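Biologist: I've got a model open and would like to learn how to read it. Could you walk me through it?

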Amino acid sequence: MNFENEKCVMVIDENLPLGIIANTAEVMGVTLGKIMPDSVGMDVYNKSGYGHFGIIEIPISILKGGSAL
């Protein structure tokens, strides 16, 4: 799949507690990887050799929205 023009936007209620916002974004990210497995990229490693596995290949913006969404 060509991801050059693909984008993802998550809109999350800004009135939620920060932990719930972070957890919501994480769960939606895992779901995105499941429904679009080709968007999950290669494993990358930092200078210390620590692995970051399956870095997503499309940008994901997280925007705040109100509960009226």
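Modeller: Let's start with a term: a residue is buried under 20% relative accessible area, exposed over 50%, and partly exposed in between, using a 1.4 Å probe and protein chains only. Note that this is a predicted model, where local features need pLDDT of at least 70, side-chain atom pairs count only at pLDDT 80 or more, and totals for chains, interfaces and linings use all residues. Residues are numbered from 1 along each chain as its sequence is written, and side-chain values use heavy atoms, with hydrogens and water left out.

Biologist: Which exposed residues sit on the face of helix 1 turned away from its buried side?

Modeller: Gly 19, Val 30, Lys 34 and Ile 35. The buried residues of helix 1 are Ile 21, Ala 25, Leu 32 and Gly 33.

Biologist: What covers the buried residues of helix 1?

Modeller: The cover includes strand 1 (8-13) and strand 4 (60-65). Helices (H or I, at least four residues) and strands (E, at least two) are DSSP runs, numbered from the N terminus.

Biologist: Which order do the elements run in from the N terminus?

Modeller: It's β-α-β-β-β, with one helix and four strands in the protein.

Biologist: How do I read the length of helix 1?

Modeller: Compare its span with an expected one, which is 1.5 Å times one less than the number of residues. Helix 1 (residues 18-35) has 18 residues and reaches 26 Å from first C-alpha to last, close to the 26 Å expected.

Biologist: And loops? Is Ser 39 buried or exposed?

Modeller: Ser 39 is buried, with a relative accessible area of 0%. It lies in the loop between helix 1 and strand 2 (44-45). Contact means heavy atoms within 4.5 Å. Leaving aside neighbours within four places in sequence, Ser 39 is in contact with Phe 3, Leu 32, Ile 55, Ile 56 and Glu 57.

Biologist: Where is confidence lowest, and where is it highest?

Modeller: The score to read is pLDDT, the predictor's confidence in each residue, from 0 to 100. Strand 4 is lowest, at a mean of 89, and strand 2 is highest, at 94. The protein averages 88, and 94% of the residues score at least 70.
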